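Some questions follow on how terms are applied to this model and what the values behind them are.

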Amino acid sequence: MFLTKKSIRKILIMAICYFILGSIAIFLWFVFNNMGINENFLLILGIIVYLLCVLMIFWGRYAEGKGKLINLGNKLVRNELKPAEFVLHYESLKNSNDLVIKKSSVEVLQLVAIAYESLDDKENVLVTVDEMIDIADDKKKAFSNLIKCSFLFSYGNFEEAELFFNETQKQKLDIMCSGLVDAILKCDRAMAMGDYKTVEAYNLKLLERSFPKLDNLGKLVVHYKLGEVYEKLQDNSKAATYYQYCADFGGETAIKKSAIEKLQHIK
């Protein structure tokens, strides 16, 4: 939750406007009522607008403090493949002197970690996921732990990842966490264990999935993972096909650079 003075003023102005509209409706109801004219809909309208005034404060706080940043992260990191641009925006906002409320969230930090991962900045990825775990409440603690497990398996820290993964699975997991456990078992952990056929089957299925569809970053990551799998299986022809996709559509990510280097090595 990052709220600047400008954001708070915007929220307050919107709330005041709704309050004034509600007051006008109730005032008109009072006037008409004294004239013997039954206009109860104005009273109902005024009450509804008053309620909307309260909701506007909460909605505005979310939208200005977190929603806009999440939308920007999804746009730059997941769709336009410009992770560095999002990281710069996030760091600039976090260090702004104009902040009144400075408290990050699990959702925002997850996007930041993904951005760092797209830039192959492993150190900042792990720092960010540790921050996620530190600020996560009980409902999001297991999810944050699993995100860290995924990265640890990917980075070859198998023993640490395995211990952390097993401990996390002892907790009560919701549907989202259960899905993440399945993904880790069939992709990150399987890759670390050399079970390439499981990784191949899982990622091919992701490419064929119609709902929810993979975003641009998801497609990129899956293609690169398949390239790695086929390279491990010494099927350089298939590996080159998937690496070529990453080289062509990698945007401003480190995945593109890595794929180009892989292609040169294969050839």
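Q: What makes a residue nonpolar, charged or polar here?
A: Ala, Val, Leu, Ile, Met, Phe, Trp, Tyr, Cys and Pro count as nonpolar, Asp, Glu, Lys and Arg as charged, and the others, Gly among them, as polar. By that scheme the lining of the second largest pocket divides into four nonpolar, four polar and five charged residues. This is a predicted model, in which local features need pLDDT of at least 70 and side-chain atom pairs count only at pLDDT 80 or more, while totals for chains, interfaces and linings use all residues. Residues are numbered from 1 along each chain as its sequence is written, and side-chain values use heavy atoms, with hydrogens and water left out.

Q: What makes a set of grid points a pocket, and which residues line the second largest pocket nearest its centre?
A: On a 1 Å grid over the protein atoms alone, a pocket is an open set with protein on both sides within 12 Å along at least five of seven lines, whereas a cavity is a set of points where a 1.4 Å probe fits but cannot get out. Lining residues have an atom within 4 Å of a point. The second largest pocket has 13 of them, and Thr4, Ser7, Glu64, Lys68 and Leu93 lie nearest its centre. Two or more lining residues come from each of β1 (2-4), α1 (5-34), α2 (40-79) and α3 (83-94); helices (H or I, at least four residues) and strands (E, at least two) are DSSP runs, numbered from the N terminus. The largest share, six residues, is from α2.

Q: What is the volume of the second largest pocket?
A: The volume is about 270 Å³, taken as the space filled by probe spheres set on grid points that are joined across faces, edges and corners.

Q: Why are α5 and α6 called roughly antiparallel?
A: Angles run from 0 to 180 degrees between N-to-C directions, and axes are lines fitted to C-alpha atoms, for helices over the stretch in contact. Angles under 35 degrees count as roughly parallel, over 145 as roughly antiparallel, 65 to 115 as roughly perpendicular and the rest as oblique. The axes of α5 (residues 122-135) and α6 (residues 138-154) come within 8 Å and cross at roughly 165°, so the two helices are roughly antiparallel. Their contact (heavy atoms within 4.5 Å) includes Val125 and Leu126 of α5 and Phe151 and Leu152 of α6. The contact residues divide into eight nonpolar, two polar and four charged.

Q: How are α1 and α2 placed in relation to each other?
A: They pack at an angle of about 175°, with axes 7 Å apart, and α1 is therefore roughly antiparallel to α2.

Q: Why is α10 called roughly parallel to α12?
A: The axes of α10 and α12 (residues 254-266) come within 11 Å and cross at roughly 25°, and therefore α10 is roughly parallel to α12. Leu220, Val221, Tyr224 and Glu231 in α10 meet Ile255, Ser258, Ala259, Lys262 and His265 in α12.

Q: Where is the cis peptide bond from phenylalanine 211 to proline 212?
A: Omega for this bond is near -10°, and proline 212 is in the loop between α9 (196-208) and α10 (216-232).
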